[in-house]
Amino acid sequence: MEILSRIPLFGSLANAGMIIAGGLLGLLIKKKIPLRLLEMPVAGLEIYVMVLGISYSIKSQHPLIMVCSTALGALIGETVDLDGFFQRLGNNIETRLGDSGEGFSKGFVSCTLLFCTGSMAVLGAMEEGFGGFPTTLLTKGIIDGITNIAFAATMGFGVIFSAIPVFLYQGTLTLAAAKLAPFLTQESITEMTSVGGIMLIAIALNMMEIKRLRPMNMLPGFVVAVFLVWINGMF
């Protein structure tokens, strides 16, 4: 264990590796299961994402901060068009891959947000950043890997590439842990998680084709939530 903890960003690397492993296993399963049998599992995943989003959002201790963070974050995201950037990135990869890349964007964007949202990503990265063994990130990696089996079987191999932004996000938090610690309090992490819950609900609505939303454009809401909690603590 001590040897593993000396590997730079071991927790984030392991988490990304489990996402890839789960995705590859899901693709193998997909080839052996008729599409008809995947209809109900897909519906189950859509409901799971919706319920997960609701469970995250109701954790907020400051609903006004959650609402303002989501709104302001979405405004910033819409201005710079983060969702458009990721969609174009996914579409370019789809074009290069031809028919085999169909649906790449959906799986890539959905799983990137799903695996980056939640307190485990932040707390785990901070835990490793302060020199502790990355138990939280390893636990998260197991959960992400198992979840990705189902997503890969239903949405294709775009979900595997979500390992890249997950590693970059958590790795950055780990490397910057000491400088971010004064701002990433338990209170701010809770509000970040609640904003992430709103994003997951948006993803679920997209997956169910109820309404076309751009959840990636809500990402700046994470930063806004931390800032508003900090401002709130000053008064």
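**Close-ups of a predicted model**

The lining of the largest cavity splits into 5 nonpolar residues, 4 polar ones and no charged ones (Ala, Val, Leu, Ile, Met, Phe, Trp, Tyr, Cys and Pro count as nonpolar, Asp, Glu, Lys and Arg as charged, and the others, Gly among them, as polar). This is a predicted model, so local features need pLDDT of at least 70 and side-chain atom pairs count only at pLDDT 80 or more, while totals for chains, interfaces and linings use all residues. Residues are numbered from 1 along each chain as its sequence is written, and side-chain values use heavy atoms, with hydrogens and water left out.

**View 1. The largest cavity and its lining.** Here a cavity is a set of points, on a 1 Å grid over the protein atoms alone, where a 1.4 Å probe fits but cannot get out; lining residues have an atom within 4 Å of a point. Grid points are joined across faces, edges and corners, and a volume is the space filled by probe spheres set on the points. The count is 1 cavity of 30 Å³ or more, and the largest cavity holds about 30 Å³. Its lining is made up of Cys116, Thr117, Gly118, Ser119, Val122, Tyr169, Met192, Thr193 and Phe222. Helix H7 (119-129) and helix H11 (186-207) are the elements giving two or more residues to that lining (helices are DSSP runs of H or I, at least four residues, numbered from the N terminus).

**View 2. Ala181 and its contacts.** Look for Ala181 in the loop between helix H10 (177-180) and H11. Leaving out residues up to four places away in sequence, Ala181 touches Met126 and Phe130 (contact means heavy atoms within 4.5 Å). Ala181 and Phe130 are 51 residues apart along the chain, with 9.5 Å between their C-alpha atoms. At a relative accessible area of 29%, Ala181 is partly exposed (buried is under 20%, exposed over 50%, partly exposed in between, with a 1.4 Å probe and protein chains only).

**View 3. Rings around Trp230.** The model has 6 aromatic pairs (rings of Phe, Tyr and Trp, the last by its six-membered ring, with centres within 6.5 Å; planes under 30 degrees apart are stacked, over 60 edge-to-face, the rest tilted). Phe183 and Trp230 sit 6.4 Å apart centre to centre with planes at 65°, so they're edge-to-face. Phe183 is in the loop between H10 and H11 and Trp230 in helix H12 (residues 221-233), so the pair ties together parts 47 residues apart in sequence. Phe227 and Trp230 make a tilted pair, at 6.1 Å between centres and 40° between planes. Both of these, Phe227 and Trp230, lie in helix H12, 3 residues apart, about one turn of the helix.

Terms used: 1 Å grid on protein atoms, 1.4 Å probe; cavity = no way out; pocket = protein on both sides within 12 Å on 5 of 7 lines; lining within 4 Å.
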